[in-house]
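Let's take a walk through this protein together, starting with the whole and ending with a few single residues. Please keep the sequence and the 3D view at hand as you read.

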Amino acid sequence: MLGLPSAASAADPLAGMTLPEKVGQMFVGYVYGDSATTASASNTALYGVATGAEVVARYHLGGVIYFTWSGNLANPAQTAALSNGLQAAARADSGVPLQISTDQEGGIVNRIGAPLAVSPGNMAIGATQDPLNALRAARVSGTELRQLGINVVDAPVVDVNTNPRNAADGPRAFADRTVPVSLFGAAAVAGYRLAGIGAQAKHFPGLGDTTVNTDNGVAVTNETRDQIMATHVPPFRAAIAAGVPSIMAAHIVAPALDPTGTPASLSRPIVTGLLRDQLHYNGVVITDALDAAALAAIPRDQVILRAIDAGMDQLLMPPDPPAAIQTVLDAVASGRLTEARIDQSVRRILHMKQELGLFNWHPAPTPPSVGTPAALQTMSTIAAASITKLRGAGVPVTAGAHVLVTGWGVSTTTTLTEALNTRGLTATRLWTGSPSPAVIAQAVAAAQSADTTVVTTNNAWSDPTQVALVQALLATGKPVVVAAVGGPYDIAYFPTAPAYLATYDYQPVSVLALADALTGRAGTPGRLPVTIRTPDGGTVLYPYGSGS
């Protein structure tokens with residue numbers, strides 16, 4: 001069992017911590033390898049040491065974030081053992097436990113799949129109209145993450161998706177209205193708390209009005225301060241009231257909140273003025289990933305220093321972690337930053353770790369217990385409640401019919417085809433992705449010999465080739481069912497589709513619920529948590545709450 005740092009006093013948990021140890025607590029980075037002692041050339045190139053354990057020890061990292069591409073998430077037993085090894089390294093170093101996190105939002109942003117019980121995405125949960133489903137899903141997901149030694153989840157997204165062409169959020173948001181997002185977001189925070197894991201509300205002050213994902217470029221909202229405060233900030237107030245231990249600040253530019261055009265994550269008027277002083281939040285505030293394209297034009301050392309000046313506590317994934325840490329150490333040495341300012345953030349970080357019980361650390365079980373029947377049933381019940389029918393001609397499909405499954409998603413079309421074949425239909429598959437004219441012609445030919453075609457789409461509003469495919473299939477005159485496996489907005493681009501179902505994401509649990517709806521095994525109780533308008537944003541096609 002781990003206590004406070006050995007030199008710390010009960011009155012001052014920072015006592016005895018060196019400046020490098022304190023600065024290290026402010027950084028959350030990734031390490032390569034499937035175990036804490038796996039030597040990786042990628043670690044050596046980035047950090048100058050070969051193993052994750054050495055990275056934690058040399059730089060006294062406060063947190064590690066897991067990804068598949070860094071080799072951390074091969075299977076549950078491996079991930080649990082990695083967590084145990086990294087925690088042991090932290091314990092042997094400063095004695096301060098690691099924050100271990102990952103982006104397990106459910107839906108379209110999900111780092112760990114089966115055998116875990118994967119959640120439908122936020123918009124699918126919003127379509128159930130029951131905030132308790134957000135609590136249930138978060139509690140199951142958080143419980144399973146704890147089994148892997150993950151103690152903070154980078155969720156929930158509490159942005160209000162007011163822009164249908166939003167490339168950052170879309171179905172990651174619960175809804176396009178403030179009140180339901182606030183209710184569902186607070187319920188998710190409560191669910192994670194019940195699971196004993198820390199939640200992280202994101203992306204302050206809200207990414208719902210933008211069209212650009214800050215990972216890929218500069219995102220700007222031109223809404224007024226009153227609009228932002230009335231629409232996008234209340235879900236963060238609700239998360240704070242629910243006790244969220246961490247909030248992620250976005251890199252969005254909001255001139256109404258900071259006329260200098262500084263990204264929110266580097267803006268003192270937004271982080272300190274709004275979040276700290278006006279919303280009275282004293283928990284941990286973490287940046288979005290600092291390797292984002294939105295910050296590429298700002299010198300790396302200035303990104304680090306301006307984030308700290310803004311009031312940030314944790315700095316996520318700087319492109320060059322050793323240089324970033326040295327920037328902070330040099331700034332303290334020169335007087336550019338005070339050690340008291342570092343202490344302010346570290347106290348918040350240590351308080352969060354204490355509140356999460358990390359100082360009473362116990363190794364993650366090996367093997368971990370995940371994917372239990374009860375957990376899987378919870379997620380499947382939520383998915384079934386989310387399926388939304390906006391048009392229903394030919395649904396359910398007649399038993400025994402020959403069905404062509406085509407469209408977006410290699411695994412999505414495979415899963416759906418296999419599911420329909422076990423539910424009384426004869427289904428064949430032709431994956432098209434973003435199809436060329438030749439592939440569209442193949443799909444049309446296949447559709448002409450099928451009784452019904454089910455075509456999957458994902459954000460067709462941004463992909464004219466998907467729209468062309470659906471229009472060509474509709475032109476055959478044969479029965480066509482469009483199934484949107486991303487945001488539900490695609491129907492605005494083919495409003496004559498006779499049948500249209502929204503699943504809101506492409507996780508297998510949602511695709512299986514779609515198969516049940518297509519075959520009549522289940523109904524379509526979901527209701528739109530957004531309003532769908534014509535592509536020009538004018539006429540309302542399907543108001544909030546639509547469905548049958």
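Predicted model: local features only at pLDDT ≥ 70, side-chain atom pairs only at ≥ 80, totals over all residues.

Residues are numbered from 1 along each chain as its sequence is written, and side-chain values use heavy atoms, with hydrogens and water left out.

Start with the overall form. The protein has 18 helices and 18 strands; these are DSSP runs numbered from the N terminus, with helices (H or I) of at least four residues and strands (E) of at least two. Its C-alpha trace spans about 75 × 50 × 40 Å along the principal axes. A compact globule of 548 residues would have a radius of gyration near 24 Å, and the protein agrees with its 24 Å. That radius is taken over C-alpha atoms, and the globule rule is 2.2 Å times the number of residues to the power 0.38.

Of the 548 residues, 61% count as buried, where buried means under 20% relative accessible area, exposed over 50%, and partly exposed in between (1.4 Å probe, protein chains only). The accessible surface comes to about 19,000 Å², and carbon and sulfur atoms make up 54% of that; areas come from the Shrake-Rupley method with a 1.4 Å probe, and for residues only the protein chains shown count as cover. Among contacts with a separation of 6 or more, 74% are between residues 24 or more positions apart, a contact being heavy atoms within 4.5 Å.

What lies inside? The largest nonpolar core holds 129 residues, of which Phe27, Leu86, Val244 and Ile247 touch the most other members. Helix H7 (residues 178-195) gives the largest share of this core, eight residues. Another core lies apart from it, with 32 residues that include Val455, Leu474, Tyr500 and Val530. Such a core is a set of buried Ala, Val, Leu, Ile, Met, Phe, Trp, Tyr and Cys residues joined through side-chain atoms within 4.5 Å. Beyond four places in sequence, the contacts of Leu86 include Val31, Val56, Tyr66 and Leu98.

Next come two loop residues. Thr214 sits in the loop between strand S7 (200-204) and helix H8 (225-232), and counts as buried because its relative accessibility is 1%. Its contacts beyond four places in sequence include His251, Ile252 and Asp288. Arg527, in the loop between helix H18 (508-518) and strand S17 (532-533), is partly exposed because its relative accessible area is 22%. Among the residues Arg527 touches, leaving out those up to four places away in sequence, are Gln129, Thr388, Tyr504 and Ser548.

Finally, let's turn to the backbone. Most residues other than glycine have a negative phi, and most peptide bonds are trans. Here, a cis bond joins Phe204 and Pro205, with omega about 5°, and Pro205 lies in the loop between S7 and H8. The bond from Thr366 to Pro367 is also cis, with omega near 5°. His280 has a positive phi near 60° and is exposed, at 63% relative accessible area. Met317 has a positive phi too, of about 55°, but counts as buried at 7% relative accessibility.
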